[in-house]
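Thanks for coming. Please have a look at the sequence and the structure, and then I will go through a few places in it.

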Amino acid sequence: MNNFSPSSTDFRLSKVAYLVVVHGSRNSSYRQQLDELQDLIVEGLMQSCLLATAYLELGEKPLSISIIDFAIECAKNGYQKLKILPLFLFSGTHVLQDIPKEVNIAQQNSPVFLELMFPIGQSRDLIDLLKSKYQKYPQYDRILFCHGTSLEQGKEESKILGKKLNAQVAYWSISPHLSTIIQNMINSGSKNIVILPYFLFSGKIIDSIEQDIKLLQEKTNINLVLLSPLGATIELAQVIIQKIKENPYF
């Protein structure tokens, strides 16, 4: 779906509305997790705010149309600006090219001003959240498992994040893959390894990795722990809320 679901009790108490953009998925569980996260964000704001979510891909309509539709809703309810927050973790093609293109197309027919925010992955609060997840296993060597991107900027961001977290970085779509990093760490003497999937929600990739880890666990004498992804949690909602509250008009 590429729909929006505005949530507010009095639209005019805030001058700025928000549209959270995600990649999108055909998986119904993804949609459910996104809805749950949106509810947590609205609840956590503790005041009225017109906020919606939209898909970049795999939706019922292009993102630009979803933006225009929501912008019309915003204008009807007294808003003058719509800020668009990409819920993406690294600067890949979607963040650097696809989303800005869709926003520029939408602006030509939008009744309100559109402003594209920096993606959530550049938030300091998100790094603190990742650190807190690792801290449950203080004696374990760390792996940060990411989807991966072919763009150098995104690769560099993942390497920098890995250093900040004191974690080895492995990828799903590019090298080095998770199995390679795990084997290298075993060869270097690691006995306990904790793996943090740097993904928004659970899904097929996480399920596949979970099975791979179980098989590897049976063949080795090391302890492998797979943490949960960010998920539709209060902690992630608070990171997004803090990003929203950085807006001086809120």
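Axes here are lines fitted to C-alpha atoms, for helices over the stretch in contact, and angles run from 0 to 180 degrees between N-to-C directions. This is a predicted model: local features need pLDDT of at least 70, side-chain atom pairs count only at pLDDT 80 or more, and totals for chains, interfaces and linings use all residues. Residues are numbered from 1 along each chain as its sequence is written, and side-chain values use heavy atoms, with hydrogens and water left out.

Helices (H or I, at least four residues) and strands (E, at least two) are DSSP runs, numbered from the N terminus. How do the axes of helix H4 and helix H8 cross? The axes of H4 (residues 124-134) and H8 (residues 234-245) cross at roughly 165 degrees and come within 9 Å. That makes the two helices, H4 and H8, roughly antiparallel, a term for angles over 145 degrees. Contact (heavy atoms within 4.5 Å) involves Asp125, Leu126 and Leu129 on H4, and Glu235, Leu236, Val239 and Gln242 on H8.

Next, Thr53, in strand E2 (residues 51-55). Thr53 counts as buried because its relative accessibility is 3%; buried means under 20% relative accessible area, with a 1.4 Å probe and protein chains only, and exposed means over 50%.

Asn166 lies in the loop between helix H5 (152-165) and E6. Asn166 is exposed, at 62% relative accessible area, and has a positive phi of about 55 degrees although it is not a glycine.

Last, a cis peptide bond joins Ser175 and Pro176, with omega about 0 degrees. Pro176 sits in the loop between strand E6 (168-171) and helix H6 (178-187).

Technical notes
Angles under 35 degrees count as roughly parallel, over 145 as roughly antiparallel, 65 to 115 as roughly perpendicular and the rest as oblique.
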